[in-house]
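Hi,

Here is the structure I promised to pass on.

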Amino acid sequence: MAELPPALSGFATTFKSMFRKVTTEQYPEEKVPTQPRFHGRHQLNRYPDGLEKCIGCELCAWACPADAILVEGAENTEEERFSPGERYGQVYQINYLRCIGCGLCIEACPTRALTMTNEYELADDDRGKLIYEKQDLLGPLLTGMVAPPHSMVEGTTDTDYYQGKVTKATPEQFEEAEEQRQAGV
Amino acid sequence: MTQVVENKETAAQDLITCTIDDIEIQVPKDTLIIRAAEKLGTYIPRFCDHPALAPVAACRMCLVEIEGMPKPQPSCAVTLSEGMKVRTQLTSEIAKGAQEGVMEFLLINHPLDCPVCDKGGECPLQNQAMSDGRPDSRFEIEKRTFDKPVELSTEILLDRERCVECARCTRFSEEIAGDKFIEFLERGTKQQIGIAEDEPFNSYFSGNTVQICPVGALTSSAYRFRSRPFDLVSAQTTCEHCAAGCNLRTDYRRETVMRRLAWEDKNVNEDWNCDKGRFAFAYLKDKRVTRARVMGQAALLPDAVEYAAQELTKHKGKVGVLTGGRLTLEDAWSYSKFTRVALKTNNVDFRNRPHSQEEAEFLAHSVAGGIITATYKEIESAPSVLLVNFEPEEESPIVFLRLRKAVANKKTKVFAITHLETKGLTKLGSKNILVRPGDETKLVRDALAQWSNNTNNLIEKLHSQISKPGSIIFVGERAAVIPGLLSALVELSTATGAKLSWIPRRAGERGAVEVGLLPNLLPGGRVTTDEESVAEIAAIWGVDVKDLPHTRGLCAEEIIDAAISGEIKALVLAGLEIKDYPQPAKLLAALEKVEFILSLSINESDLTQKADVVLPVAAVTEKAGTFVNWEGRPRPFGKAMTQNKSLSDSRIISMLADAMGHDFGPLTTSDIRQDLSALGVTARNQGKAPKYQAGLIPSLGDNQMLLSTFNQLIDDGALQAGEPHLAGTRRETVAKINAAAAEKLQIKNGETLTVTTSTGSITLPVEICQVADSVIWLPTNSAPSSVRQILNAHDGSVVMVSKGLNA
């Protein structure tokens, strides 16, 4: 077959492409799921009764090569308990202007408190808004969870929590939270 | 922790030759293996070993192989002998195996909570488990657990699971501090540190145990979970709390001080510091003056300075300057220069406490001019030390530690002329001569005149001891109010050859004396009335000698009186507390009367509320400076928080002077240090020795007693504000009287009594102990015992004492 003139061969490529599968994603109208292990926004996880897993140890901050994480620990008290054990993370900030999504923080976390979600929409027109605070990062309260501060399940230790022996909040914990809510009102 | 093998000049015959890891080494006799190995650069792992504590071989981590010995030996407790062949973990499988075995045992019950442990990241156990332990553990059974944390005191918390039973804390408390509050309880696996049930670990030195704990077993409430070691920026600083001049490590995170630690200085604080120096720093953050104010309204700094300068110019010559005892040497220098050159007066006094003309003369004669009388090192070699109106543990705790070390070495005997026996004096094994306030002068003079005929054996003994070369007399700031005492002590010192050292309570007092923040003194020990001295200073300051005042100025008390009578029209105040003054009510009256008050202050106080112009100044961590400690040793420190923009007192004074038409230059620290080095000292300029006679003790009526009072180390001082954990370890606030007085009042231990003067009364529980006859002791500034504020009284004042709530 004789070769097409150069001008036409260009059109031929265009014509062929019209019948190929389209790779363009119609973001933001259509959001395509990421790969399951994509490094997206972080999440601070909870134990099944709602207590936070974070112990404020700052190992994530230490591991971070971009210095994107700031943690300040504090002591749990009988009146105000946020995590099992003695210590919890009082201040927890991740600066997404700095975060490079490498996931070293996840590896450093000794309690699996910090994991990454697949959420990738980390852009804004305000730098301040890209510093995520603890309340922005905490995982949602699922069924059976009570928002801290509240006491641990009676008769358990932080080791029991760690070993997965606590599976949901007890009625006492719900009652306690309710009492605190009413006292707050 | 670094260790130094004592570099004594050792004669050749005292050296022995031995080998460590096949390396031949010569060391002085009685050198511990672990120290000799350090000299070679070999670090043998250890927990219990601490160079300042006696060997105990409790942790067994430092096992080494010694040729000829059947089993590995602890290198921290075995001294080298001639020809000994030692093999450490570097060359011996036996030593390495032994150390790994010990580490494995230590870790069996040690919890894996490093992420939440305050020691994590700077933990010898963590580090040495990595460097000298087995790679994995063979124990999979459950660890022993204890309840935690246990409160040993409000400040010190114990986590028993983490303890490796090295006994550093108990040995420190017993050997160094002399406070046997903590001890091992139980046996075997249950062995644990503990306290007696009703006796918390309220030692003034308890914080040191947290620092030397090689694991996270002892932690402090104040620092608990506040940060991790890798967050902290460390700076070398000097403690601002007392005249000891401790070398400190200040750790801060994001411009906030997180903790302070003792930093080794063999010449001063050795490895230790006191709890006040360690924990009392909340004032750096709380209630700061952040903006300049004029008449209560926030103002720009240049405007406020301009206004203050106008007002001060208006009252030139009629201004009093009260600076307090907390300024750095450099800032004190600036105040001194500003007062003389810009304000044209000698009305300046740093003494915001009971003081006297005699004291000012004594300071000019025996202290000012960079005189180094005694040093910490000399305490250790002194055959005897006489303490006069000075309670070392309460008023200068590091001096107390040195004294205790000297006494423990059995070289030094301590005598005290005191109003009462105290815990500190008892721990020093002090021979106490109890006197009533006012009788000290007579005692010193009598004893001086006829030592041998004295009926009092103790005084005779004191005389023979104090005459031995190298003896030291320590006198505290309280001697100022006892007429003739300082004069008598100067005589005693001259007659016996004993060194006379003045130990003030505050960090800036000695420096203030050196730069002449006194009505009778110019910088460098020059007196204000000596023409030549004034000329020398005028030359250094670059002013005409005629522009400097040539007369003695007014002391603090006179300034306050003059302000009340209207002769002084304006006051310049630097970092003061009203309640420090002998008669706070009078100071308040003076503040009401004067036309203008300028206050340069770190923190807000009742005093800044009364000032017309308030200027914020930098605290110690925000500027460079120098504190001169009681020895006369300069203790310079750099700016810890390098990002901080606060201005020091000196920089503000430079602006003030500029606005008043005097060019002082920028008065940076380095400028001032240059001026100070040009100062020099000439003995000719020394003031004359004070010659004062003893006062008369008033005759006491029924229910009347003489007051004795001093500040306890941990009390209501302004710099200790905002630290409840520290405040919880303070000694109990009690009045102390002797058994005879108790009988007269028909009062028992623990019952309350009331002390009354014309201005108010204080009710306290009573403790019956060894106090001089008809003397009652009260803590000066421990609520509810605010002696100066409520009673307007000081040592030797007559007070009414009655049983129960009120007379």
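**Two helix pairs in chain B**

Helix α8 (residues 329–342) of chain B and helix α23 (residues 669–679) of chain B have axes that come within 10 Å and cross at roughly 75°. Helices here are DSSP runs of H or I with at least four residues, strands are E runs of at least two, and both are numbered from the N terminus. The axes are lines fitted to C-alpha atoms, for helices over the stretch in contact, with angles running from 0 to 180 degrees between N-to-C directions. α8(B) and α23(B) are therefore roughly perpendicular to each other (under 35 degrees counts as roughly parallel, over 145 as roughly antiparallel, 65 to 115 as roughly perpendicular and the rest as oblique). From α8(B), B:E330, B:W333 and B:S334 make the contact, and from α23(B), B:T669, B:I672, B:R673 and B:L676. Contact means that the C-beta atoms of two residues, placed from the backbone, lie within 7 Å. By type, the residues of this contact of α8(B) with α23(B) are three nonpolar, two polar and two charged (Ala, Val, Leu, Ile, Met, Phe, Trp, Tyr, Cys and Pro are nonpolar, Asp, Glu, Lys and Arg charged, and the others, Gly among them, polar).

Before you go further: this is a predicted model, where local features need pLDDT of at least 70 and side-chain atom pairs count only at pLDDT 80 or more, while totals for chains, interfaces and linings use all residues. Residues are numbered from 1 along each chain as its sequence is written, and chains are lettered from A and ligands numbered from 1 in the order in which they are written.

The other pair is helix α7 (residues 301–314) of chain B with helix α22 (residues 649–659) of chain B: their axes come within 8 Å and cross at roughly 55°. That makes α7(B) and α22(B) oblique to each other. On the α7(B) side are B:V305, B:E306, B:A308 and B:A309, which meet B:M655, B:L656 and B:A659 in α22(B). Those contact residues of α7(B) with α22(B) come out as six nonpolar, no polar and one charged.

Chain A has six helices and five strands, in the order α-β-α-β-β-α-β-β-α-α-α along the sequence. Its C-alpha trace spans about 85 × 35 × 35 Å along the principal axes of chain A.

As for the two chains together, seven residues of chain B are in contact with 13 residues of chain A. The chain B side of that contact has four nonpolar, no polar and three charged residues.

Cheers
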